[in-house]
Structure formats: C-alpha cells, structure tokens
Amino acid sequence: MAQAIASTNVPRWLPADQLDRLIDVLRADGRTIIGPTVRDGAIVLAEIQGAADLPAGRGDEASPGRYRVTQREDSRRFDHAVGPMSPKRWTFPPRAPIRLGRRTSAGVRFSGVDPRPTPRPTPLAFIGVRACELAAIKIQDHVFLDGPAVDGDYRARRASAFLVAVECATPTSTCFCTSMGTGPEVTTGFDVVLTELDDGFIVRVGSPAGVTVVDALSLSPADGSAMKAAEAVVAGARDAMGSPMNMENVHEGLQASPEHPGWAAVAERCLSCTNCTLVCPTCFCTSVVERSDLDGSISTSERTWDSCFNEGFAKVAGGSFRPLVKDRYRQWLTHKFSTWWDQFGSSGCVGCGRCIAWCPAGIDVREELAVIGGVGPVPMPQLSVVAAATEAPVTISPGSVPAAFVTVHVDGSSRETADTMTLHLNTTDRRLLAGRPGQFVMATLPAFSAAPISISRFRSDGLDLTIRAAGPATRALTELERGSTLGVRGPLGRGWPVEEMTGRDVVIVAGGVGLAPLRPLIDACLAERDALGAVRIYLGARTPTDRLFVEEVGRLALRMDIEVEETVDRAGPVWLGRVGIVTQLFDHATWDGRNAVAFVCGPERMMQATSEVLFSRGIDVDRTWVTLERNMSCGVGLCGHCQLGKFFVCKDGPVFSLAELGPAFTTDGL
Amino acid sequence: MSTRSTVDNALASGWFGAGLTDAARAHLADMAHLTSYPIGEVVIREGQAIDSLAVVVEGRLALRLNVPGRGAVTVLTIEPGDVIGWSALIPPHRATSTIVVLEPTSVVELEGAALRARLDEDPILAAAVLWRLLDAVARRLSATRTQLLDLFAQPDREPW
Amino acid sequence: MSPTARRSGRRRPRVGVVKFASCDGCQLTLLDLEDDLLAIAERFDIVEFPEATSRRSAGPFDVLLVEGSISTEEQLEELLRLRRESTTLVTIGACATAGGIQALRNWSEHGPWAATVYPRPELIESLAMATPVADHVTVDAELRGCPIDPQQLLELLTALVVGRRPQLPDESVCAECKRRGATCVVVSQGTACLGPVTRTGCGALCPVYGRGCYGCFGPRNDANVVSLIANTAGLDDSVASTRLAGFTAWAEPFRSVIDDHGGPPGAKP
Amino acid sequence: MTASAPRRRARTRRFEVEGLTRVEGEGSLRIVIRDGEVIEAQLGIFEAPRYFERLVRGRTPDEVLDIVARICGICPVAYQMSAVHAFEDGVGIEIDPAVRALRRLLYCGEWIESHALHVYFLHAPDFMGYASAIELARDHRVLVERALALKKAGNHLVALIGGRPIHPVSVRVGGFYHTPTRAELTALRPELTAALDIALETVAVTTELNTPDFSREPRLVSLRHPTDYPMNEGRIVSTDGLDLAPTDWERAFAEDQVGWSNALQARTHAGDVYLLGPSSRITLAGDKLHPRAAEALAQSGLADEIRRNPFRSIVARAIELVHATAVAIDIIDDYRPPERPATPWNPGPGTAAWATEAPRGLLFHTYELDEEGRVATARIVPPTSQNQAAIEADLTDFAPSVLGLPHDEATHRFEQLIRSYDPCISCATHFLDLRVEDRR
C-alpha cells in the first residue's frame, strides 16, 4: 500500500474544465457527491450533480456575527472559506435513530448494538474539504472510534466517506487555523487533495482509495510552474491570516480561571442560542428523544444534536449543574480549548472560525481566550506547503464497553422507602454478573428515557438495583412487578477501588440512597473481613422512614467486628436512635484515620462536609473516594452530558478520589 | 453521693472534659456531682429557668422543639461528651429547647450560680471552660446549618 | 395513574377540549392529526369538544386542553370551575399560555394601569385585559405556539398515556434551525430574528422559509433579549418593540422590553 | 268562555341552544314563537371580541398579514389573501403570474381543508344521526378515514407553500418569502389525485343525504371573474344584479350592531339581508367551475336546489371540493417557480381595499395607510357577520315547518340549519373593536 502511494505520489494536473471527470469517477463508485454550493445566501454543503453546482466565481466574507457571499473576478470554484456546514452533518447526522424498543409477550426487547449503525449508509464523497475540516474529522474519529465505547453509526458512515480536500486560498477574517496548527496546508487525513489555479488543479493522493481514483483519471504530471503557483496559493492563505495566537498557556490558563470575571462579562452578551456548538465541526454532544406509538409498546430512541448551552443539558432531578449561562459558556470554552486535551490528547478547536461568524451576537472566541485564557500573539514557524501523505488511514478499535441493552427479568422487588424500591433481577449475562462494587447500569423501558441506576448487590444469578422514583422514567422502573422485564446496559463506569482496602481500616459514609452503591462494597468487606483493619460504617438519612435496607443494617450492627452508626436529620418522638447530621457520628470519634481508606456516597454537599471531617481525622484526599451523580445519558462517554471538568463521570467515574477531582469537587457550576 | 475522682474520671471520659487541662477539670470536678436520669424524664423544659450545666457521661437525650401541629420534633440527640444547659451561664438563663431522656443517662452536673461565681474569680479556669463551650456551641451551630439545607429532600412531583 | 396501569387498559382518560378568547386554531390542530385522530379517540374518551361533537360534559376531566386567553368575567368564572373539574390542565397555544395577540390591547387604554390599582384587576378590567390562563389557575403543562405544533400535541397525548414526561425541550429556535441545515438569516442577511430568544417547537419554520422568527412559541428560559437587541443584526431599539409585540408579547421578558421601548406600535391613542 | 280562555293566554314556545356545537367559535340560538308566529330568531354570538382592527394600527402591511391570519384558525389564508391583495392594489404592485398561481394553489389547499372539515366533521353527522365524526367512524370508519385523507391533502398543500397548515408564514406583500420547487409540488400530485376521487365520492354521498324540505328565494352575493371560479379576484355580483369592483364593497353594504350579538351584522344599504358562500358562488359563477366539478354538479342535478335550499349547501361544498382539488392539480402541472419570490415595493400612504372568497364567502378588508405606509385604520368584514342576518331570516322562514316536531328534534333542525351556513363565529367577533374604542 505504501508502495502504491509512493508510485503515484507525483503531483498531477487536472485541467479546470475536466473537474467533472473526477466527479464522474467518484459517482461511478456509487458515491453521492457532497460539495459546496450557493443556497439561501451562503455557500453550504449539499449533494451536487456536477462541477456546475459548485460556486464558480463566488467567494465569501465573514466577521463576528456576519457572513456574506461575494462575487469574484475569476471563475474559481473553491476560492472561499468554510460556510456554516461541515461534513459532520453527514458523518454524524443531526438526528439518528439509535435504538428500537418493543414490548412483546415475551417481555421488552431492544435492538442490538447501541448506538445502532445505519444499515447501509450511502457511500459519500466530500469534495472541497479544507485542512481545518480534515483536522475536525480526525478529532471526531478519535472521540467516536478509539473507545472505550465505539459509535457504531459513526463508524459505518465514516468508513464509507471519500475525502477530496482542497487547499485553502482565501481565508476570511474569522479563520485562525494557523493558531491551532491545523492549516491552511492540507497535510493528512485525505484521499485526494486539489490545489486550485485559474486553469486547473494540482492533484495529489493521500490514500490507497485516492490512488485508485486518480489512476482512473490517468492525468499527466503537473509542471514546475504550476507547482510554484500552488505553493504561492497556500503561502498566500497563511499570510492572509496574519500572525497566529500563542496557545501555549491556554490549557492551564482556562482551568486555572473558573472564577475569572470574564465569564460573567461574556455571559451578558451570550444568547445561549447554541449556534456556536452546532456549527462547530468537532462538538459531539447529543440527547436522546423517545418516540413511540400511543401506548408506548413500540418506541424509537432518536439521537439529536444537543448543546452544553441548553439549560436542560446538565439537568438532573434536583436541578441543573450549570444553572447560569456563565457556567455553560465556561464549560464550552474550557472544554474546547483545555479539558479536551485531558480527554482526547488534542485541542477540540481546529480554528475554522464558524463559531465566530455564526454567533448572532458576534462573540469572538479569540477575544475571550485573550481575556480569560491569557492568549497572546507570537510568530509561528512556517510549515512545508506541499503535504506528504504519511498517516495511515483511521484505525477502528472495537468497543470495550457493553454495546447493547439486554433484557433482564424482575424476580421480585422490595420497598425500601415511600419512593424507593429495590428490584431483584435475574440474568445470566456474564458482563453484568462480573461487575464490581460501585458500578452502575443504564436501565430503560420502551418509550422511556434510560436512567443511570447504581447496582446495590451482586448475586450469583443476578443483581439488585435500588431505584428512587425521582421522575417518570425512574418511577416506571420502581413500578415493575415480579415477572416483568426491563432493558439494562452495563456494568458501566469505574467502581470502588476494593483493593485499596486490604490491610487498611475502612470508613464508609452513606447519606440517603447513597447507601445503594456502597452496599456491594460492604458485602466485599464482609467477604474479606480478615484482610482488613477496623470497619466503620456511618449512615445518615432524612428521617427514620427514609433509611435503606433497615433489617440488613440492623443485622450488621449486631456484628462484633464492624462498627455501624446511624443518624437521621429529624425524627418524631418514637425514634430512640441518634438525630443529627452524619458527620456528627464521627467528628468526636477517637479513631486515627492515617491508615484508613474512606468511601463516601450521598448528596454532593454532604460529601463535601464529610470529606472535610475525614481529612481532619487523618484520611488524605487520595484515600477518600466519592461517587458522583451527573445526568449520565449514554453511559459510555459519547453524549457529553455528564462532563465535570476534564472528566466524563460515566466512564472516568462515577467513583473518584478527592485527589483526582481537585477543585472540580467544590467549584460551582462546572 | 459521688466521689471527686469518679466525677473527674467521668468528665475525662468524654470529648468535652478530655479537652480540658487536668487542673481545670479538677476544679470543675470539685464543684460537680453525678446525676442519673431514667428514660422519659424531661431534664430541661423549653422556656424554663435553668440553673445547671451538665456534661453527658453516658446515655442519650433528645433535644426537642415543639412545632404547632406537628408536635415534638427531635432536631438533635445529645451523646456522651456533649454539653447541655449552657444557657445556665448566659442570661437570661432560660432553656432554649426541651431535653428528654431516650436512654438511661448519667451526667456530671454543675450548679449554675456557683459555676458562674467560680469562673468570675478565676479567669484562667474561665478561659479554659469557655473555650470548650465555644467549641461545643460552634460545632452544634454548623451542624444545624447543614441540617437546614435538608440535603436529602426530594424534588417536587410532576403531573406525570 | 401508573404507566403499567394505563397499559393494562384501565378506563380511558376523560378528555375535554375547551376555548376562551382565541381563533380555534389550536384545538383544530387536534383534528389536523389526521393519521392519529381515530387512534386518539380510542385511547381517550373525548367527553367535551364543542367544535367537534354535540355531546357535552361539564366534567370531571382527567385531562383538559384549554385554548384561548381570559378576557371576560364569565370566562374567568368558567375557568375556575373547569380547574376544579380537571386533574391535569394543559394550556394549548399562545393565547392560553401568554395572552395571545389580543393581549396587545393590555397596553392601550387603562389596562396595565388598572392592574396596579385594583386588588382583583382580572375582574375590574376584564374587558381591558386579555390574560394567560396561568394568571388565574394552576397550569400543569403548556403547549406553546401560535398555533401549537401537531407533533408536540401528539407527544403530550402519548406521554399522558405512557406516563412519561412529554419531551418539549426549552431550547432556542436556532438549535432546530441548525439541525435542519437552514442558513441563519441574521448572520447571512442581517434580518431581524427572534430565534435566539424564542422557544423551539415550530421546527424553525420562519428561518427555513427565509424570514426572521416572530416569536410564536414565546420566550425560552434564559432569553437574553437585551443582548439580542444590542448585539444582533437587523434588530435595534427602533424596531425592538414592534418585533417583540407579536403573539407572545405579554410574556416576560418580552413584556418588560416592550415597556422599556415605549409599548407596542399603535398602543397610544 | 271555555273556548276563549286559551285564546287569552298567549301560547309561547322557546327554542334555545346556549352553546352551539360543531361551529367554529361560541354562539347561541334563540327562537321565540308565540301563537305559531316567530317573534324572535336570533343567532347570538358571544365569542369574546378580540379587537383586531385596533391591533393592526401602526403596523406595516407585512406585519398585518401575520396578524389578521389569527382572526381564524380555520381560514387564515383567506385573511392573508384579502389583506395582501388589498395592500398590493393600494400601493400598486403588479404581481408575477407565477405568484398569482401559487396563491390560488395555497387558497385551494385551505378550501379543501375547510370544506372537508365542515362537510364531514361539522355537518354530515346531522344528516346521518351522529353526535360527531368520531362517533360516525364507529359505524363508517372507511368513510371517515377517507374524509381525513381529503382534509390532509388540503393541509399538505397549505403546509408546503405556507410552512404549516394553520397560520402559514410564507405570504408577503409582493409575493412570497419562499416559493416551493416544482419537484416539491409535483410530489403532492398523487395525494391530490386520490383526494379528487374522494371529493367526487363526497358529491355522491352528500347528494344522497336525506335533506329537510325547505325552499326560499335568497339574495346571493359572490365574486365573479371573467375566467376563473371566484377566489382571489373578480367583481362583486349578486342575484339582483349588483356589479361592483372588489374595492367598492362599502358602496353597496353597511354594518350595524345588534344587542344580542358580539358581532356586527351587514345588510345592503336598502337594509336587505344577503347570503354568501358556496351556494352563492355556484349560483353566480357555476359556469366557471372546473370541468370535473361542473360535471359533478350536473350529475347531482341539484344546481337549483343548492340555490333555494340552504340544507343543500353541503352538496355545494362537495362540488367546490372537487373544483379546488382539480384546479390544484392543474396549477401544479403548469407550475414554474417565479423569477423572484417577491416584487419589491415602497411603503407609502394610501387606501387599500379588496375582497376575496373565503371558504365561507366573500371576505372584505379595507385599510388606511399613513405617511410611512403603516395602518391608520382598518376594517374587516368576514362572511359570517354578513350572513348572520340572512341566517336569522332563514330561521324565521324555516320555523313553521318544524313546529309539529318534538321540541328536541325541532331544536336540532334549527341547529342543523345554522350549521349549513358553516358560521365561523371566531371570525365574526373581531368587530366591536372600533365601537368599543369609541365608547371608551
């Protein structure tokens, strides 16, 4: 293959009036051609029939909040920058059915791989793809294909896409690819790349598929003068963008400035209209909409583009984790330019400038970065103009997390409190049975959204889920009776680090339903009791009737080898136990925490208060483990809902040590 | 009638007394005596004059407030080491809540007027005792604040 | 009623469809669900719907769909009665949820002025003000729009049967505009558009048809109208009140911004 | 004495319907008969007034198009059409023929949707003895499903051209904001072809309906156009020889207020009542019907009865369903998108007036535009308020023939008669506006 490329890696010449030959070859492969064309006052991407549909002689100009199509002297077809659309619209469509659910006589059934791949995506050929867009595609490839979970739909669509890149000649005032190191030169990730001159194109290949296509055109080599002119084109584009910004400090700069006044200032102008995120070629956040027939027996879960600027995006039953527009703008900018590095090893921005041009309020991220992220201008080294196609094509790794909702049977259920039930599930699914304490599952019923539920016990023949009816979906789950079925995907996330307990004292602190994910850990303590030091369990609840697993806790309390203390926030006269907050159970205790490991689960505020007391008792931040609640939606790190700073709570957590979380644990609105 | 040493040991057994210097604790022990309360006894009644301060040695007491319509609500339990009746030191010397015995309880009791007089004439002892009291009150205050947040409260139900 | 119970065919929910001051368009939307109407009629027991059936019922209703704004004393009394008869009361359309276009008259004559003087203005100047249903009774759910969107109505009815939360996202029209691949008329043409501050639900109809949004679905949460006027093309202080004074003008924050810009056109005699 | 006793006690019968059903909006019926003589026949309209003429003051013509649509959710296009033609006539814009065709197509969509709704959902149940089309569907599911398909075809037309079936957004002064492609329109052809069959069936079905025997010689008014069946253009004509420009409605007619109604009633200057709507159009312009519709009319053999018997208006609507569907198909087949969606124009002062044919009859708008071309005053005269007096006259004439019937049955007959005019009460009540303004 490297051989094949080398043999044809001589730049070729395609006369301007023969561009249709290239298009015809691609169509001959049964490909639909997606290219730039003028529609509704913009150069958009759409299916084109031939070169005639390309915007010959049209250009574009863009500035913050403003975009116009312009008329040009020449009749070049690609002398424009990027319009509002990017190939993302086809590789990662705005709406896609990802799951089918049915209620059958045999119970609920769900379609297999989730997200479900499009059966047979039409093979596409994109023509006119710019360096910044190639970079964006590479970034989304990494997000969706390099695991742990793989987006089957993206994989199917992406694998069938052929990329004809075009060197940028006339950037607009909103372009800043040179600052992000993604352009203007096309260097990698393409099948064929064109450099447009008045009378034709320099053609180079970047992949075996590209070789096949170009060979079919049997073009003569490009002559030296044309090559010179081609170099001038890209050099001109680079100069047009002026001196790049220095992005060195932005990674630390943004994460270090969660309280910067600049956030509130930009929030004054920000419309939280989501335009920036939806024109961005790398933004990948989605939500799932449930569509069903009237009685909910057949349902389709449709994935739609969503945005971190929407109030509902970070919502859980209790409220939104990012109530203010300021919080959401900070999330977007910080994620894009900083935490993306921590998550995916690159920036999330390719400098295409769409978010600047298509912001109705004309907010310019470059200015916000300068104000908040300490970004300044510096000269940058020139890169070679003509690209060498070295990079191997995308490698697609198989998903390493559960890729489907399996049907499990309800063997029975126990009422814990007025609104909390424990479902006893039977399953033979190896994965589920092999889960570890602290992991959770996504549980769903046809026509209902999937809800993250922590596993409250592992049995040899199944597991228990303890569910609080916080909303309609969870209520429907709590109402399931013996013999009914539900869909479960899991086990998900990182559980409690059980091994940390060996040879140490163990402190377990639970608040309310927070005891559910800790119960399997307690089971583990009992199983390995001899390997552990002292085991202390502190339980808090709102009132005596809000306590979970009452009988079981009673039995535990009788054991000599475990210390169990309980308290409630308020009680009536008949309650003879302790009343007070959970930390009062041990803030006067005499034990020494220097050789203890602590596991805490409860409302975030309670965990914060608890961890302070634990710290004062000698348990260091790297030995205090908490489990966080966020609005996990896909459960496998693909939908973006549960981000907390640099973490996806669903796949990096939900269990974290305080050392890992750092300030993220206590900063509001992250 | 309890001996001075049993009282001193009792004081030392809880976090409040343990945090005092031996000398200070000895002074208090001199003027204190042990008292026991059976289950159900009302040790202090909200609004009543209060003339003694006590440190719980063992047992459990409920600190209750009467809420019209809801009856008595226990907002806190007093555990060994905790202090009750600190109003005995601060005018107008009236109880701010009712305290009822939940488990057989014994306390080290200090007569209010005597204690006040003793602290007035001995600033060093006063400082020691009042620092501990301040600590006890501060902890109870911050705990009450957290309780106010009602962290385990549920979101409102919707029509569906 | 639990979803399982719903499915196990407990009695059909009793539905009423009533109207106050309005154009009938939102209740007509129910009849415009041609593909689903008969299925809906099987799932629900439509006991009151004067526009469509001669059978009448005074209640009780499991679900009551209320169209129209409240602009007479009789209407107010009837509304209070209907609320008592209804388990779930859903307002449908801009008139019921925001007062509708007729609420523009609240600015003329002594409308708002009276509201600041009388203890029960809804009685005193019942002819001077057209007010949303939620000003007078508790509303359990609302469908926005002038008119409402058929798919959102179907979603609401489905959600009621299935027992799930209806999916009526509170996001900007822009989100749907972008998903549909329409070109932003503000950025590409400098056309005044309320899309960024208006709740989605129409499918970004106006931008898709090449014109600016005029706010049928009313303000979304976080509607930053001040910035919209200050920072977007086509919209400035001179046209702000005209643009906002549409079918949801009486809804905040539109109402305040209209006030700050001297009221809607033609408000002054 | 024994014989004179009853004579002294006047024998009074009252027929009252507090809330009329299966009509658009809120109306009531009150008929009082003393000694066999009708002394009161009132179609009460208590729909709350919404003051539209006041609301459009200070607005630009394009804004008015969006606002007046909200007068009626069933016939918003009619309001947009009368208004847009009024403004274009007022400021003197020549519209592209392709735009004109597209507007007729849009209007056809509304006629289909509105007539299908009335024939099957509001009126047919009366003839067939059901409380609603939903109950009708229990015994005649296929019939109702086909009715829905017909209605849906109309809605699809309006939705494609206007964006949505109710309160469409595409009409602007000078043309449209957006025009469909030929391909988009052609895609609707199969649905419309099927709809045409259903429309033809509808004629057959309605012709067979058992109709109350009632006959009178009404004064009918409608538009008449040299080439087209009345819709967007034409002169105002009547069965008694009236012939006016669509801008001159006020020269022949006037409105007055009556105590029992929130709507004004219109009469001729001579004080005569007159009737608008499908029966009027067929009577006055039946010769311009689409051949398919003309043929259906001939087959029904009811041309004369449609004029004389209001209960036959259901057949008239069926005929117009055939007409609108057939015309729609023709327009689609000839459609070429206009060069540009809208002709540019400059706002300015002037008087704008026009009348078009709403599904329920002639709809007249007139506006005074100020120096900046904004509306200074407006007057909108919808068909139902023009029909109201005629409806009451017909009730009076009809009453004697049902006095023999049991009370409920008689009452039902009166309701059925009222429904046969397809009164749109929501439309009728925007009036009080100016008056209320003046009173204050």
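Into which domains is chain D divided?

Modeller: This is a predicted model. In it, chain D is split into domain 1, residues 4-45, and domain 2, residues 52-439. Taken over C-alpha atoms, the centres of domain 1 of chain D and domain 2 of chain D are 29 Å apart. Where these two domains touch, domain 1 of chain D contributes 19 residues and domain 2 of chain D contributes 25 residues. On the side of domain 1 of chain D that touches domain 2 of chain D, the elements giving two or more residues are β1 (12-17), β2 (27-34) and β3 (37-45) of chain D. Of these, β3(D) gives the most to that side, namely six residues. Sorted by class, that side of domain 1 of chain D holds eleven nonpolar, five polar and three charged residues.

Helix α10 (residues 261-269) of chain A and helix α12 (residues 325-344) of chain A have axes that come within 8 Å and cross at roughly 110°. Angles of 65 to 115 degrees count as roughly perpendicular, and α10(A) and α12(A) are therefore roughly perpendicular to each other. From α10(A), the contact uses A:W263, A:A264, A:V266 and A:A267, while α12(A) brings A:V325, A:K326, A:Y329 and A:R330. By class, the residues of this contact of α10(A) with α12(A) are six nonpolar, no polar and two charged.

Chain B can be described as a whole. Chain B contains five helices and six strands, and from the N terminus on its elements follow the order α-α-α-β-β-β-β-β-β-α-α. Along the principal axes, the C-alpha atoms of chain B fill a box of roughly 65 × 30 × 30 Å. Chain B has 160 residues, of which 32% are buried. Among the contacts in chain B with a separation of 6 or more, 76% join residues 24 or more positions apart.

Key
Residues are numbered from 1 along each chain as its sequence is written. Chains are lettered from A and ligands numbered from 1 in the order in which they are written. This is a predicted model: local features need pLDDT of at least 70, side-chain atom pairs count only at pLDDT 80 or more; totals for chains, interfaces and linings use all residues. Domain bounds come from an automatic or database domain assignment. Two residues are in contact if their C-beta atoms, placed from the backbone, lie within 7 Å. Helices (H or I, at least four residues) and strands (E, at least two) are DSSP runs, numbered from the N terminus. Ala, Val, Leu, Ile, Met, Phe, Trp, Tyr, Cys and Pro count as nonpolar, Asp, Glu, Lys and Arg as charged, and the others, Gly among them, as polar. A residue is buried if 20 or more other C-beta atoms lie within 10 Å of its own, exposed if 12 or fewer, and partly exposed in between; C-beta atoms are placed from the backbone. Axes are lines fitted to C-alpha atoms, for helices over the stretch in contact, and angles run from 0 to 180 degrees between N-to-C directions. Angles under 35 degrees count as roughly parallel, over 145 as roughly antiparallel, 65 to 115 as roughly perpendicular and the rest as oblique.
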